[in-house]
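I opened the notebook to record what I looked up. The entries follow the order in which I checked things.

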Amino acid sequence: MTTDRRPTPAGDTGAAASKVAQVTLAFWIMKICATTLGETAGDQLSMTMHLGYGASTLVLLAAFAVTVVLQMGARRFHPALYWSVILTTSTAGTTLSDFMDRTLRLGYARGAALLAGTLVAVLVSWRASTGSLSVDSIRSRRSEAFYWAAILVSNTLGTALGDFLADDSGLGFLGGATLIGGGIALTALAWRITRLDRVALFWCAFVLTRPFGATFGDLLTKPVAAGGLDLGTAAASVVLAVPLVALVAWSSWRSRRAEPA
């Protein structure tokens with residue numbers, strides 16, 4: 001999925017080269033791997049290691065802050081760094097959503113509604129500030145700050161939606177993953193055969209890949225009696241990390257080949 005390409009507004013200066021991944025099929029595969037890994041890794045910290053949702057959220061938000069500062073300080077696109085930020089937004093989103101829904105007792109539906117409103121506010125502010133929501137080429141620090149804020153909120157929203165489908169809707173982990181997978185397929189089809197706004201379709205797909213990862217992660221880790229495969233959070237995280245690391249390495253190799261001598 002691609003979006004519109006508009007010139008950077010005057011005064012919105014920053015890095016000259018795009019510092020984010022191109023939106024290709026490989027991008028979506030890596031995004032699903034990263035978000036599913038974020039679900040299992042977040043649960044490993046908060047539940048398996050008994051750190052709790054609040055403490056885990058603080059730890060993972062600190063990790064996100066470190067990676068995003070490094071990312072925004074970089075002068076060019078580094079695949080490993082970029083996907084590290086994606087992974088930390090996913091893990092932080094997992095525990096933050098659980099903290100809102102379970103510790104603060106907002107519930108999945110109210111938590112998702114609050115996060116959806118927050119995402120809309122971030123996107124509206126982004127559009128008003130820079131004149132565009134294009135993610136094809138993030139070339140200014142202002143746009144990049146909005147980009148990462150939107151990703152953090154969308155990954156947290158996706159976790160809440162995934163938990164709602166798996167736990168409150170009665171669909172279960174497999175049913176929830178199947179429903180979200182169908183939504184992703186319909187979004188891809190709309191991008192292919194319609195003229196619907198590319199920016200809206202991108203963020204729709206981006207949000208949907210997170211609950212798909214959340215429900216698929218739960219399917220891998222939860223007990224068989226609860227409808228899962230009972231791999232455990234540690235084993236499932238390793239299984240998901242292998243293809244993600246391989247794809248990041250491949251992306252880094254292609255990025256180095258593309259650099260001018």
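**Ground rules.** I am working with a predicted model, in which local features need pLDDT of at least 70 and side-chain atom pairs count only at pLDDT 80 or more, while totals for chains, interfaces and linings use all residues. Residues are numbered from 1 along each chain as its sequence is written, and side-chain values use heavy atoms, with hydrogens and water left out.

**Confidence.** I looked up pLDDT, the predictor's confidence in each residue, from 0 to 100. The protein chain averages 80, and 88% of the residues score at least 70. I noted that over residues 2–16 the pLDDT is below 50, although this stretch has 38 contacts in the model beyond near neighbours in sequence. A contact means heavy atoms within 4.5 Å. Helices here are DSSP runs (H or I, at least four residues), numbered from the N terminus. Confidence is lowest in helix H1 (residues 25–48), at a mean of 78, and highest in helix H2 (residues 53–73), at 91.

**Helix H3.** I checked the length of H3 (residues 79–103). I then looked at burial: buried means under 20% relative accessible area, exposed over 50%, and partly exposed in between (1.4 Å probe, protein chains only). Of the 25 residues of H3, 18 are buried, so the helix is largely enclosed by the rest of the structure.

**Arginine 105.** This residue follows H3 and has a positive phi, near 60°. I found arginine 105 in the loop between H3 and helix H4 (108–130). Arginine 105 is exposed, with a relative accessible area of 69%. Not counting residues up to four places away in sequence, arginine 105 touches Met100 and Arg110.

**Threonine 57.** I located threonine 57 in helix H2. Threonine 57 is buried, at a relative accessible area of 6%. Its side chain reaches the backbone oxygen of threonine 95 at 3.2 Å. Leaving aside neighbours within four places in sequence, threonine 57 is in contact with Thr95, Leu96 and Phe99.

**Cysteines.** How many disulfides does the structure hold? I found zero, a disulfide being a pair of cysteine sulfur atoms within 2.5 Å. Cysteine 33 is buried, with a relative accessible area of 13%, whereas cysteine 204 is partly exposed, at 35%.

Methods. Helix = DSSP H or I, 4+ residues; strand = E, 2+ residues; numbered from the N terminus. Polar contact = N/O pair within 3.5 Å; in protein donor to acceptor, adjacent residues only side chain to side chain.
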